[in-house]
Amino acid sequence: MSVTEMFSFIQGFLSADQDVREDLRKVVQILEQAAREILTVLQSVHQLTGFKEIPSKCAKARELFCTVRTQIADLKTKFPVEQYYRFHEHWRFVLQRLTFLAAFVVYLESETLVTREEVAQILDIEVVREKGFHLDVEDYLAGVLIMASELSRLAVNSVTAGDYSRPIRISNFINELDSGFRLLNLKNDPLRKRYDGLKYDVKKIEEVVYDLSIRGLGKEHKCGEDK
Amino acid sequence: MSKREGDGCSRKKAETEQERNMTADQSSSSIAAAFKVFQQELDTKHDKYERLVKISRDITIESKRSIFLLNRVTNVPDVEEVLKEAAVKLDGVTQKIGLIAEELRGEDIHQFHRAFTPGIQEYVEAISFLHYIRHRSLISLEEINAKLVFMKAEKVDPKSSVEVVPADVQVLTFQVTPSDYLLGVADLTGELMRMCISSVANGDIDTPFQLSQFLRQIHDGFSYIGNTGPYEVSKKLHTLRQSLAKVEDACYALHVRGSEIPKHMLADVFSSRTALIDPEESMV
């Protein structure tokens with residue numbers, strides 16, 4: 001094989017690669033749009049009136065996840081499935097956002113931590129790599145961490161809205177999450193950086209709980225377990 | 001303030017307590033149980049990554065050594081001996097790549113690609129250098145990949161004898177990605193430039209012309225790819241231009257001076273020129 005032939009072969013490979021990336025960018029853009037729509041729906045829980053509407057907002061968000069599912073199905077067709085990690089960077093961000101949104105919906109509904117299997121189910125993807133387009137464990141954890149900071153905001157706003165028991169429940173939940181993350185041996189990677197922010201969320205919620213407890217607010221609910 | 005400090009302290013204590021309670025209090029520790037699983041998964045992944053980095057580093061070192069060895073070709077009487085030694089060394093490197101292939105069995109090669117790409121590039125550089133010296137042509141990607149097929153006989157050790165292990169051979173392959181190949185070839189040009197200069201210094205006046213021809217082809221190939229390739233390629237293109245300029249200048253000097261100066265003095269003239277490295281101006 002001559003030098004010229006070799007280079008034109010590689011050039012062919014590279015441009016094919018670029019075409020795939022171009023396609024992926026387009027689909028991911030649409031997916032990001034859908035994620036933003038869900039976020040907008042869920043954002044309203046922070047408003048004063050929003051707390052009563054949580055179930056209806058969650059139902060609406062769940063509906064919107066339907067469109068996400070079809071778009072992810074579209075995404076899956078754009079590249080060979082065994083090359084997931086070759087193009088991972090393209091959808092990593094949006095997949096983390098979607099995990100966050102799914103986790104947030106599940107928390108609002110049942111106040112539990114969404115499992116990786118549940119997220120995969122909501123997004124209609126797989127958990128194990130071998131089975132196809134899957135949710136990487138690091139992306140799942142990153143999404144959970146985004147939710148933690150959203151919850152610290154929710155704790156503050158629920159006090160403003162007069163719901164004094166919610167911060168305490170959030171506090172318990174976040175503390176559990178925090179001790180969960182401590183089990184992990186993280187490398188010096190983006191996930192670790194994000195995890196480092198968790199302690200500020202924990203601190204913020206603790207402050208809210210503290211403020212409530214020295215004023216005797218939320219006493220009628222179960223309290224005194226932290227203090 | 002003091003409250004928070006106290007809190008942190010008690011949490012630390014709580015942590016150890018939690019470990020103890022974990023078995024007792026199953027309901028609230030479903031999160032903890034889930035994270036235990038994540039911990040394992042992440043640790044396995046990180047361990048594999050580290051192992052690959054280590055293998056890659058070994059590959060880099062060994063490949064570099066073979067390249068140094070091959071650079072000696074120009075001033076050694078028995079070329080074949082050196083080539084044989086280098087080939088043996090590179091076979092060792094190939095075996096190491098076999099270890100990578102084994103680590104990657106059933107994994108997505110791109111997930112861990114960053115761990116071993118430096119080693120593979122160095123290997124491509126070494127193997128293509130050897131190939132060039134032998135055949136005066138560019139080794140193709142398929143030829144490299146053809147070398148990276150590993151047969152591994154399944155060992156029947158006493159522990160696993162419970163299950164019936166088929167005695168057939170396992171075939172493992174490792175595929176060099178086109179971009180790794182490209183980057184390795186870009187590095188090769190630097191070695192070829194060295195080889196050109198040193199062969200002139202040894203009074204060999206044919207090799208430089210061959211090399212400049214070859215380098216020009218590679219340069220044209222890279223220009224053809226341009227910036228469609230990965231980011232690192234465009235960076236290497238700059239160095240490639242410099243190498244090419246040096247080789248072309250050397251050929252120029254040989255051509256101009258070659259007819260004026262007696263052959264036996266040529267080497268001296270040229271080696272003092274290249275020592276200056278400064279092109280063109282000092283030549284004319």
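Tutor: Happy to! Let's begin at B:T60, which is buried, because its relative accessibility is 16% and the cut-off for buried is under 20%. Please keep in mind that this is a predicted model. B:T60 belongs to helix α2 of chain B, which covers residues 30-71. If you set aside the neighbours within four places in sequence, the residues in contact with B:T60 are B:P118, B:G119 and B:E122.

Staying in chain B, have a look at the loop between α4 (113-135) and α5 (141-147), where you will find B:R136. B:R136 is not a glycine, yet its phi is positive, at about 55°. With 35% relative accessibility, B:R136 counts as partly exposed.

Now follow chain B to a pair of packed helices. Two packed helices are described by the angle between their axes and the distance between the axes. Here the pair is helix α6 (residues 178-201) and helix α7 (residues 207-225) of chain B, with an angle of about 160° and axes 10 Å apart. That angle makes α6(B) roughly antiparallel to α7(B), since angles over 145 degrees count that way. The crossing of α6(B) and α7(B) is left-handed. On the α6(B) side, the residues that meet α7(B) include B:L182, B:V185, B:L192 and B:M195. From α7(B), the partners include B:L211, B:F214, B:L215, B:I218 and B:F222. Sorted by class, this contact of α6(B) with α7(B) has 14 nonpolar and three polar residues, and no charged ones.

A:E150 is found in helix α5 of chain A, residues 137-160. Its relative accessible area is 10%, so A:E150 is buried. Not counting residues up to four places away in sequence, A:E150 touches A:Q43, A:H46, A:F100 and A:F104.

One last stop in chain A is A:D124, in the loop between α4 (116-123) and α5. Phi of A:D124 is near 60°, a positive value in a residue other than glycine. A:D124 counts as partly exposed, because its relative accessibility is 41%.

Technical notes:
Residues numbered from 1 in each chain as written. Chains lettered and ligands numbered in written order. Predicted model: local features only at pLDDT ≥ 70, side-chain atom pairs only at ≥ 80, totals over all residues. Heavy atoms only, no water. Helix = DSSP H or I, 4+ residues; strand = E, 2+ residues; numbered from the N terminus. Buried < 20%, exposed > 50% of the residue type's maximum accessible area, 1.4 Å probe, protein only. Contact = heavy atoms within 4.5 Å. Axes fitted to C-alpha atoms, helices over the stretch in contact; angles between N-to-C directions. Parallel < 35°, antiparallel > 145°, perpendicular 65-115°, else oblique. Left-handed = near helix turned anticlockwise from the far one by under 90°. Nonpolar A, V, L, I, M, F, W, Y, C, P; charged D, E, K, R; others polar.
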